[in-house]
Amino acid sequence: MKNLMTKNIGEIVADNYRTAQIFKNHKIDFCCKGNRTIIEVAEKSKLDANSLLKEIETVQKQTNGDHIDFMTWPLDLLADYIEKKHHRYVEAQIPVLNQYLAKLCRVHGERHPELLEITQHFNKCAGELAMHMKKEELMVFPAVRKMVKAKHTGTKLEPSKLGSIKNPIQVMMQEHENEGDRFRLIEELTNNYTPPADACNTYRVTFSLLQEFEEDLHRHIHLENNILFPKAEILEKELNE
């Protein structure tokens, strides 16, 4: 097993998702930028690497029965889970948030012009995510299922119109980074999802839903960037040997 100091933070979270909270607390992106080491992120965030390592080791020693070990899941099952849990969540929450944000802009936009910018970023994110998820459902996930079936049946993997699975994966990962950047802007504009003093209940609910949406997006991207995609590339290599 790699030393934690040199292990990618995405791999650390993939091994134990409870460690994700440590990186969240320190504003460290473990999903879109999970290919960095503890030493790299500590230096960039001006943190003590040894202290960060101790926090991670403490969490890793904890036992929790509700922890799901996604690393052990078959890839086709993981793809199904992402599609049915995270894709459906995004599809359900976008119209809800659009409605709330539109109302906030009408009622509070004059006093809080940042709401207009928040809404613009979220609308852009919603449109991009809708297209992104369709590409995964129509191209990436079927390719993963096809590879899993080939391995189980011992049959030859037929050439794909996509070429190597690495090609669409690279596109998906870049799109993940784009939306991660967009939500960082939303987080800044909302003051880390803190409603202003004059916020009404709708205002507070909207900020809470935005924060929940971002947290779900982080887990969604993490499952793909740090588990599904790397394992799919390994599986493709095995099948083509």
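Which helix gives the largest share of the lining of the largest pocket? That share, six residues, comes from α7, where helices (H or I, at least four residues) and strands (E, at least two) are DSSP runs numbered from the N terminus.

The structure is a predicted model, in which local features need pLDDT of at least 70 and side-chain atom pairs count only at pLDDT 80 or more, while totals for chains, interfaces and linings use all residues. Residues are numbered from 1 along each chain as its sequence is written, and side-chain values use heavy atoms, with hydrogens and water left out.

**Pockets**

A pocket is an open set of points on a 1 Å grid over the protein atoms alone, where a 1.4 Å probe fits and protein lies on both sides within 12 Å along at least five of seven lines; lining residues have an atom within 4 Å of a point. Grid points are joined across faces, edges and corners, and a volume is the space filled by probe spheres set on the points. The two pockets described here have the following volumes and linings.

| Largest | about 570 Å³ | 24 residues |

In the largest pocket, the lining residues closest to the centre are Lys24, Lys27, Ile28, Glu187 and His218. Besides α7 (166-189), the helices α2 (20-25), α3 (38-44) and α8 (201-240) each supply at least two residues of this lining. By class, it divides into five nonpolar, seven polar and twelve charged residues, where Ala, Val, Leu, Ile, Met, Phe, Trp, Tyr, Cys and Pro count as nonpolar, Asp, Glu, Lys and Arg as charged, and the others, Gly among them, as polar.

The helices α6 (114-153) and α8 each supply at least two lining residues, and the largest share, six residues, comes from α6. This lining has ten nonpolar, four polar and four charged residues.

**Nonpolar cores and aromatic pairs**

A nonpolar core is a set of buried Ala, Val, Leu, Ile, Met, Phe, Trp, Tyr and Cys residues joined through side-chain atoms within 4.5 Å; buried means under 20% relative accessible area, exposed over 50%, and partly exposed in between (1.4 Å probe, protein chains only). The largest such core has 46 residues, of which Phe23, Ile38, Phe122, Phe183, Leu210 and Phe213 touch the most other members. Apart from it lies another core of 24 residues, among them Leu78, Tyr81, Ala150 and Ile227.

The structure holds eight aromatic pairs, in which the ring centres of Phe, Tyr or Trp (its six-membered ring) lie within 6.5 Å, with planes under 30 degrees apart counted as stacked, over 60 as edge-to-face and the rest as tilted. Phe183 and Phe213 form a stacked pair, 5.6 Å centre to centre with 15° between the planes. Because Phe183 lies in helix α7 and Phe213 in helix α8, this pair ties together parts that are 30 residues apart in sequence. Both Phe183 and Phe213 are buried, and together with Tyr89 and Phe122 they form one aromatic cluster.

**Lys33**

Lys33 is found in the loop between α2 and α3 and, at 26% relative accessibility, counts as partly exposed. Leaving aside neighbours within four places in sequence, Lys33 is in contact (heavy atoms within 4.5 Å) with Ile9, Glu177, Asp181 and Arg184.
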